[in-house]
Amino acid sequence: MMFKLLRLPDMMTLGNALFGMMAIFSACSGYDELAFILILFAAIADGMDGFLARKLGSSDIGEYLDSLADGISFGVAPACALYFIYGYSHPYLMAAVACFYLFCGILRLARFNTKQKSIPDFEGLPITAAAVVISSYLLIAECYVYFYGVIAIMVLLSFLMVSEYPYPKLRGSKAMGFVSIVFALPIMSYFVFPAYLSIFSTVMFLLLLLYLESPLMKVPRKYYED
């Protein structure tokens with residue numbers, strides 16, 4: 001049976017895909033904030049499966065499983081969620097931009113699978129980061145979220161994903177610890193302190209903007225790797 005091939009990292013990858021599907025269901029049911037929180041959960045699962053694969057080793061299907069899960073959680077899920085939110089008022093524009101984002105995300109994943117995994121940087125913006133940028137923006141205070149702002153961000157992220165800009169791989173313990181805190185705060189606030197959700201999401205969004213321009217800043221690798 002196929003289940004015998006699965007290892008612990010693969011279970012985290014399947015969890016990533018599951019969170020992505022739950023995000024789509026949530027957005028379809030009108031729970032917009034929950035949908036983007038679930039995408040953040042998917043991003044955490046995506047980071048964990050990579051960490052576990054490096055520590056424990058991956059299965060024969062792990063690499064391909066990871067790309068399929070990422071396509072669901074960080075390509076299809078945010079595209080569907082945004083269409084469910086804005087499609088009623090701008091159906092054609094939103095559909096076109098959502099499809100363009102998905103196409104670029106899939107191309108980004110396909111290119112990643114053809115590259116050597118030992119290179120120090122990502123070529124182009126990772127699709128996970130793109131989905132987290134979208135999620136953090138949609139979770140900030142509603143008065144700062146504009147339809148054309150969403151469109152602009154999606155188009156920018158789409159081009160960055162298929163670009164050749166080098167983006168650092170955050171693998172050092174210090175970098176991962178910091179990223180974990182940044183992710184945990186908006187997730188915890190959604191369930192425990194909803195009044196602070198927009199604040200922590202704004203912090204996450206601003207930090208992600210710094211990551212988006214990191215190829216221009218040329219941050220020394222010592223700051224994100226041990």
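In the predicted model, ring pairs join Phe19, Phe41, Tyr190 and Phe191 into a cluster. A search of the whole structure returns eleven aromatic pairs. One of them is formed by Tyr86 and Phe147, whose rings are tilted, with 5.3 Å centre to centre and 55° between the planes. This pair connects distant parts of the chain, since Tyr86 belongs to helix 3 and Phe147 to helix 6, 61 residues apart. Tyr86 has a relative accessibility of 13% and therefore counts as buried; Phe147, at 10%, is likewise classed as buried. A further aromatic pair, that of Phe193 and Tyr196, is edge-to-face, with 6.3 Å centre to centre and 85° between the planes. Tyr196 counts as partly exposed because its relative accessibility is 44%. Apart from ring pairs, a charged side chain is placed against an aromatic ring: Lys169 lies over the face of Phe122, at 5.4 Å from the ring centre.

Helix 6, which contains Phe147, spans residues 147–161 and comprises 15 residues. The distance from its first C-alpha to its last is 21 Å, close to the 21 Å expected at 1.5 Å a residue. The buried residues of helix 6 are Phe147, Val150, Ile151, Ile153, Met154, Leu157, Ser158, Leu160 and Met161. An α-helix has 3.6 residues a turn, so residues three or four places apart point the same way. The cover over the buried residues of helix 6 includes helix 3 (62–86), helix 4 (91–114), helix 5 (127–139) and helix 8 (197–212). Strand 1 (121–123) and strand 2 (166–168) also contribute to this cover.

At the level of the whole chain, the secondary structure consists of nine helices and two strands. Along the sequence these elements follow the pattern α-α-α-α-β-α-α-β-α-α-α. The radius of gyration of the protein chain is 17 Å, which agrees with the value near 17 Å for a compact globule, because the chain has 226 residues. The C-alpha atoms fill a box of roughly 45 × 45 × 35 Å along the principal axes. Of the 226 residues, 44% are buried. Among contacts between residues at least 6 apart in sequence, 79% join residues at least 24 apart.

Technical notes
Residues numbered from 1 in each chain as written. Predicted model: local features only at pLDDT ≥ 70, side-chain atom pairs only at ≥ 80, totals over all residues. Heavy atoms only, no water. Helix = DSSP H or I, 4+ residues; strand = E, 2+ residues; numbered from the N terminus. Expected span 1.5 Å × (residues − 1). Buried < 20%, exposed > 50% of the residue type's maximum accessible area, 1.4 Å probe, protein only. Contact = heavy atoms within 4.5 Å. Phe/Tyr/Trp six-rings, centres within 6.5 Å; stacked < 30°, edge-to-face > 60°. Lys NZ or Arg CZ within 6 Å of the ring centre and 35° of its normal. Rg over C-alpha atoms; globule rule 2.2 N^0.38 Å.
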